[in-house]
Amino acid sequence: MVNYKCGICKKTIDLNVESIGLQCPYCGSKIFYKERPPIAKRVKAR
Amino acid sequence: MVKIESADIKEREARLVISDTSPYFVNALRRAMLREVPKLAIEDVIFYENSSPLFDEIIAHRLGMIPLPTDLDVLVPREECTCNGEGCPNCTVRYTLSREEPGMVYSGDLQPENEKWRVIDPNIPIVELFEGQKLILEAEAILGKGKDHAKWQAVVAPGYKYYPIIEINQDKLDEDSIKKAIEICPKKILEEKEGKLVVKDIEKCTLCKSCVEVVEEGAIQVRGDETKFIFTYETDGSLDAKTLIIKAAEILENKFKELEKLIG
């Protein structure tokens, strides 16, 4: 499950993208940032 | 036959005077140094965490450009390695970087597996971390050539110029024209000695001919010797200057031997 972080209170919450009317349960904000997934990412140094 | 009249070779820079040759030979040497001499540089970066202000790809590119020490007697190119490109100590050098405190992350923070491969210049800034930001990664460095990417170019500013020939006809010069010629020279290589115009340091002449223009026609003649060259270059520290030119010459020799074999 991908975690999202509230843009205002910075708390991590579990969200289902299919749900309508997304709102932070703590502060009511509707701005969210997707957290970086905990996987190793290989990048070319070019 | 090619002659080296003088060679001032330091750790990271060199100046050679090469004579009895042509511009084509010196240019071939210059191009071999730029494109063909192998050097170690970071190719793959594995990011475990990056909450810095820069994208992963930007940081990876910056890491790739950091000069790393290269030992051509120990390392082999990955495509020629017995590990078939898997990445073993013969072809790959690994570094780790882990930083969680705020502040500038420098190239010196890259920790090699073996101290022998510690970066040459530890003061190259990579990215600045602020409060709560982290950077945790591993980097793999391999041998490559300048023709594939500029990060694998060990030589810096290789260049050659004709050796200057300055002929002065003292009969056509008077005190006033001597003064003008000395003053106009941008490299200040002319001086007056016992009422005559003499050249102090001919190798600094850039063949601009400014002195020719301010005196009587024929008083000074400036030209380049098309069989003698001043060849200068620097390195970024990954290879020393002597190894670099020797390796370039070996590569050129091998290329011509290959051609000879193909022609039969």
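**Helices and chains of the predicted model**

Reply: In this predicted model, the elements that cover the buried residues of α5(B) include β1 (3-9), β2 (13-19), α1, β9 and β12 of chain B.

Me: Which residues of α5(B) are buried?

Reply: Buried here stands for under 20% relative accessible area. In α5(B), the residues that count as buried are Ala241(B), Leu244(B), Ile245(B), Ala248(B), Ile251(B) and Leu252(B).

Me: What distance separates the end C-alpha atoms of α5(B), and what span should its residues have?

Reply: The helix α5(B) has 23 residues, which at 1.5 Å a residue should span 33 Å.

Me: Which elements do the buried residues of α1(B) pack against?

Reply: Helix α1 of chain B covers residues 23-35, and its reach from first C-alpha to last is 18 Å, close to the 18 Å expected. Its buried residues are Pro23(B), Val26(B), Leu29(B), Ala32(B), Met33(B) and Leu34(B). In chain B, the elements that these buried residues pack against are β9 (155-168), β12 (220-235) and α5 (241-263).

Me: How are α1(B) and α5(B) oriented to each other?

Reply: The axes of the two helices, α1(B) and α5(B), lie 9 Å apart, and the packing angle is about 105°. Angles of 65 to 115 degrees count as roughly perpendicular. The orientation of α1(B) and α5(B) to each other is therefore roughly perpendicular.

Me: How many residues of the contact of α1(B) with α5(B) are nonpolar, polar and charged?

Reply: On the side of α1(B), the contact is made by Ala28(B), Leu29(B), Ala32(B) and Met33(B), while α5(B) contributes Leu244(B), Ile245(B), Ala248(B), Ala249(B) and Leu252(B). Sorted by kind, these residues of the contact of α1(B) with α5(B) come to no charged, no polar and nine nonpolar.

Me: What distance separates the centres of domain 1 and domain 2 of chain B?

Reply: Chain B is divided into domain 1, made of 3-35 + 157-231, and domain 2, made of 39-147. Taken over C-alpha atoms, the separation between the centres of domain 1 of chain B and domain 2 of chain B is 43 Å.

Me: Which pattern does chain A follow along its sequence, and what percentage of its residues count as buried?

Reply: Chain A has four strands and zero helices, and read along the sequence its pattern is β-β-β-β. Of its 46 residues, the part of chain A that counts as buried is 22%.

Methods. Residues are numbered from 1 along each chain as its sequence is written. Chains are lettered from A and ligands numbered from 1 in the order in which they are written. This is a predicted model: local features need pLDDT of at least 70, side-chain atom pairs count only at pLDDT 80 or more; totals for chains, interfaces and linings use all residues. Side-chain values use heavy atoms; hydrogens and water are left out. The expected span of a helix is 1.5 Å times one less than its number of residues. Buried means under 20% relative accessible area, exposed over 50%, partly exposed in between (1.4 Å probe, protein chains only). Contact means heavy atoms within 4.5 Å. Axes are lines fitted to C-alpha atoms, for helices over the stretch in contact, and angles run from 0 to 180 degrees between N-to-C directions. Angles under 35 degrees count as roughly parallel, over 145 as roughly antiparallel, 65 to 115 as roughly perpendicular and the rest as oblique. Ala, Val, Leu, Ile, Met, Phe, Trp, Tyr, Cys and Pro count as nonpolar, Asp, Glu, Lys and Arg as charged, and the others, Gly among them, as polar. Domain bounds come from an automatic or database domain assignment.
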